Amino acid sequence: MIATTASGVPPEQGDLFEERGTWCEPAPPQQDIGDENFDDLSDKDLVEKTAKAKLSNVDLLCAKIVERGLGDIAVPGLVTLWNRFKGYGIAHPLPEQLLALETLSVIGNGAAKNEISKILAAKDLPDSLLPFALQAAAKLGLKLPQKQVLPWLEHDAPIVRVHAFALLQSSNPQRSTIEIGFSDPDPAVRRAALTVAGNLGHVCARTGLLAEFRKYPTGQTIEALLSVADDDIIVEIGRYALANQKHQALIAEGLEALDTAKAHMLAKRIKDKIVQR
């Protein structure tokens, strides 16, 4: 599995790419490129091999691209890999398709973002691949047109709605649009909608975010809650940080950014606690 540094997807949602597996749907015949020592390949040759990869080596080839920190040079090869499997993955995504998306999301440069945008805009994108393409876009914080994102808020799959709300934030939607997610039947979608609302400063999310924080405090929930916190919430989050090491640095930084003496006092106490560890 490729290690990523992106953090766009809330951890409570999990990472769809972690669920990759071998699928039964047939893929086009692939020529065996043989066992090779990929460490000896030049960057150019590595990308060319990746474009022609087969199931047995695609994971290693993509991992090598990430390991070497390849950027623009790697994008065309990954696009070729993706395009080789157009028309496949209708019922279930193929590992090669998922790795192409995942590696593009890890590269994360302008060229990679542009290609993921094109993939999402393609009318022939199979519904089975939509959640993975949206996750890649959300990790990169793509700014997609609101008219493109809105239909995904009503998609049958909860994970699609989750990523759609995350992508909606950059377009600064109307509060009423975000509030649709507050009553979604799926808890993950509700969390995503509340997080977006909080990040945009809508106090209507305060109660819901506080409930989420008390139930399962994540970094995303804490950041969103701090954006709409009143004095009571500031104290509650501060006390949590003083009693729990997890998220202490994040909370101290968030409290420090607030323009209240109480928040600054708590931030100092938390920082002192961190130093004493």
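Is His247 buried or exposed in this predicted model? His247 is buried, with a relative accessible area of 19%; buried means under 20% relative accessible area, exposed over 50%, and partly exposed in between, with a 1.4 Å probe and protein chains only. The model is predicted, so local features need pLDDT of at least 70 and side-chain atom pairs count only at pLDDT 80 or more, while totals for chains, interfaces and linings use all residues. Residues are numbered from 1 along each chain as its sequence is written, and side-chain values use heavy atoms, with hydrogens and water left out.

**View 1. Two loop residues with positive phi.** Most residues other than glycine have a negative phi. His247 has a positive phi, near 70 degrees, and lies in the loop between α13 (231–243) and α14. Helices (H or I, at least four residues) are DSSP runs, numbered from the N terminus. Asn172, which is not a glycine, has a positive phi of about 50 degrees. Asn172 is found in the loop between α8 and α9 and is exposed, with a relative accessible area of 53%.

View 2. The 13 residues of α10 should span 18 Å at 1.5 Å a residue, and the end C-alpha atoms are 18 Å apart, in agreement; the expected span is 1.5 Å times one less than the number of residues. Helix α10 is largely enclosed by the rest of the structure, because 10 of its 13 residues are buried. Among the buried residues are Val189, Arg191, Leu194 and Val196. The cover over the buried residues of α10 includes α8 (158–168), α9 (175–179), α11 and α12 (219–226), where contact means heavy atoms within 4.5 Å.

View 3. Side chains of opposite charge can pair when their charged atoms come close. A salt bridge is a side-chain nitrogen of Lys or Arg within 4 Å of a carboxyl oxygen of Asp or Glu, and by this rule the count is 13. Arg191 and Glu212 form one of them, at 4.0 Å from N to O. This pair links distant parts of the chain, with Arg191 in helix α10 (residues 187–199) and Glu212 in helix α11 (residues 206–215), 21 residues apart. Arg191 counts as buried at 15% relative accessibility, and Glu212 is buried at 9%.

View 4. Lys271 and Glu256 meet in a salt bridge of 2.8 Å, N to O. Lys271 lies in helix α15 (residues 261–276) and Glu256 in helix α14 (residues 248–256), so this pair ties together parts that are 15 residues apart in sequence. Lys271 is partly exposed at 35%, as is Glu256 at 42%. The side chains of Lys268 and Asp272 form a salt bridge at 3.2 Å, N to O. Both residues lie in α15, four residues apart, about one turn of the helix. Lys268 counts as exposed at 54% relative accessibility, whereas Asp272 is partly exposed at 32%.

**View 5. The lining of the second largest pocket.** The second largest pocket is lined by 17 residues, of which Trp82, Asn83, Lys86, Ala122 and Asp124 lie nearest its centre. The elements that give two or more residues to this lining are α3 (75–84) and α5 (110–121). A pocket is an open set of points on a 1 Å grid over the protein atoms alone, where a 1.4 Å probe fits, with protein on both sides within 12 Å along at least five of seven lines; lining residues have an atom within 4 Å of a point.
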